[in-house]
Amino acid sequence: MVAQGGQRPWQPRGSGLLVAVVVVSVVAVVVHGAIALVLLNGTVRRTVAVGDVAAPSRTPVASPRPWDATPTPAPTPAAGATGASWTAPDGGGALHLDHSCLIADNPPTAATFPVQDPFGTALSDLGVGAELQRVYAVDGRTLAPADGAGPVRECDKQLWSVIVAAMPATVRPFLKELVVFDALLTGGTSDLYVGEVVPAESDASRWRLAIAPNGATDLDVAVTVAHEVGHLLSLNASQLDPAPSAAACGTMWTGQGCLSDDGHVMTFLDDTWSDAEVDGWNDAAQKPDHERDQAFQDFYDHHAGSFVDSYAATDPFEDFAESFGIWCALGPGSPLIPQAIEGNPSNGHFKIDWFEHSSSGINGSTRDSCTRLRALTR
């Protein structure tokens with residue numbers, strides 16, 4: 001999931017009608033057991049050409065937090081931070097997650113957030129009851145303890161190897177912090193978010209990844225990591241064009257910049273969302289707060305064949321990440337794909353295939369990393 005922001009009007013391509021869209025807050029269960037919250041904003045055009053479509057899109061904007069506007073390689077460590085850094089093998093090496101690393105409840109740690117962390121120092125974004133385990137500054141493939149809780153834990157080395165394996169080298173420079181936390185489990189499932197990526201305010205070149213592997217399976221972790229990599233892949237600074245303001249943006253304003261017209265998300269939306277889906281989603285997004293959850297469910301029920309799960313239907317950016325996550329973690333033709341799709345096993349399958357065959361460049365830039373990740377699910 002991507003956290004968090006506001007929402008502004010968007011305009012269909014070829015239409016003179018501006019539709020006012022109020023702030024949306026969506027909480028939904030992801031197919032692999034995650035629960036995610038998305039608040040996004042932007043303006044989007046719909047092409048006039050027949051068959052070319054674009055979806056309304058909402059993008060992440062970090063809440064105002066104190067941070068140093070000068071780019072830095074890592075957050076300032078917490079007082080008393082100790083422990084040597086650890087570098088994952090290039091490509092992640094042999095991937096595995098010990099069962100002891102996936103237990104439901106881990107002992108408390110002495111971890112605290114770094115001083116003036118540019119991504120915030122509270123766990124509220126991850127849900128009530130989230131328990132901080134570790135905070136690491138990230139530099140390429142290297143983790144450095146930034147929380148005063150000692151050296152890099154063995155389980156975090158394994159988790160980091162999975163993340164490194166799944167992340168294309170071109171995306172790694174944008175990740176600056178890793179947070180490992182415990183989600184509260186009831187009935188064997190998570191009541192909190194198991195994954196989140198969030199940028200530093202006004203800076204799409206610096207991102208935090210937070211993940212809770214407790215109580216998960218190898219498959220859960222792989223799909224969750226791939227989902228968050230999908231967000232990083234499609235929302236980082238290289239996917240943005242210069243624009244001084246939202247008003248000057250011809251595609252969609254993310255809070256950090258203007259989405260490139262030929263970027264991954266815009267291409268995905270143009271290729272895979274129909275006009276009817278754009279209109280139906282927009283109608284749902286305009287509903288009052290107390291009606292919106294049901295409106296998104298109704299939208300999904302009407303267009304279920306186009307989405308891998310009901311969470312993907314709540315937001316076009318989550319549709320991108322959910323579809324990418326399944327394609328990347330499982331691979332085309334995997335016998336596990338039906339287990340990862342809600343409803344009919346064919347639902348949204350054309351979007352998974354899009355990542356395999358699209359001319360957008362995603363396949364070529366992520367094939368090696370996704371192939372490495374798939375070793376964890378076989």
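Me: Before I look at any pair of residues, what counts as a salt bridge?

Reply: A salt bridge is a side-chain nitrogen of Lys or Arg within 4 Å of a carboxyl oxygen of Asp or Glu. Asp-156 makes one with Arg-153, where the closest N and O atoms are 2.8 Å apart. Please keep in mind that this is a predicted model, in which local features need pLDDT of at least 70 and side-chain atom pairs count only at pLDDT 80 or more, while totals for chains, interfaces and linings use all residues. Residues are numbered from 1 along each chain as its sequence is written, and side-chain values use heavy atoms, with hydrogens and water left out.

Me: Are Asp-156 and Arg-153 buried, partly exposed or exposed?

Reply: Buried means under 20% relative accessible area, exposed means over 50%, and partly exposed lies in between, with a 1.4 Å probe and protein chains only. Asp-156 is buried at 3% relative accessibility, whereas Arg-153, at 25%, is partly exposed.

Me: How many salt bridges does the structure hold, and which parts of the chain does the one between Asp-90 and Arg-172 tie together?

Reply: The structure holds nine salt bridges, and one of them joins the side chains of Asp-90 and Arg-172 at 3.4 Å, N to O. Asp-90 lies in the loop between strand 3 (86-87) and strand 4 (131-139), and Arg-172 in the loop between helix 1 (154-166) and strand 6 (175-182), so the pair ties together parts that are 82 residues apart in sequence. Helices (H or I, at least four residues) and strands (E, at least two) are DSSP runs, numbered from the N terminus. Asp-90 is exposed at 59% relative accessibility, while Arg-172 is buried at 10%.

Me: Which helices hold Glu-356 and Arg-367?

Reply: The side chains of Glu-356 and Arg-367 meet in a salt bridge of 2.9 Å, N to O. Glu-356 belongs to helix 8 (residues 349-357) and Arg-367 to helix 9 (residues 362-374), so this pair ties together parts eleven residues apart in sequence. Glu-356 is buried, with a relative accessible area of 17%, and Arg-367 is partly exposed at 32%.

Me: What makes two aromatic rings a pair, and how is their arrangement named?

Reply: Rings of Phe, Tyr and Trp (its six-membered ring) pair if their centres lie within 6.5 Å, and planes under 30 degrees apart count as stacked, over 60 as edge-to-face and the rest as tilted. By this rule the count comes to 13 aromatic pairs. In one of these, the rings of Phe-268 and Phe-320 have centres 5.3 Å apart and planes at 85°, so the pair is edge-to-face. This pair links distant parts of the chain, with Phe-268 in helix 3 (residues 264-272) and Phe-320 in helix 6 (residues 316-330), 52 residues apart. Phe-268 is buried at 0% relative accessibility, and Phe-320 is buried at 0%.

Me: Which cluster do ring pairs build around Phe-268?

Reply: The rings of Phe-268 and Trp-354 have their centres 5.2 Å apart and their planes at 80°, so they too form an edge-to-face pair. Phe-268 in helix 3 and Trp-354 in helix 8 are 86 residues apart, and Trp-354 is buried, with a relative accessible area of 9%. Ring pairs link Phe-268, Phe-320, Phe-324, Trp-327, Trp-354 and Phe-355 into a cluster.
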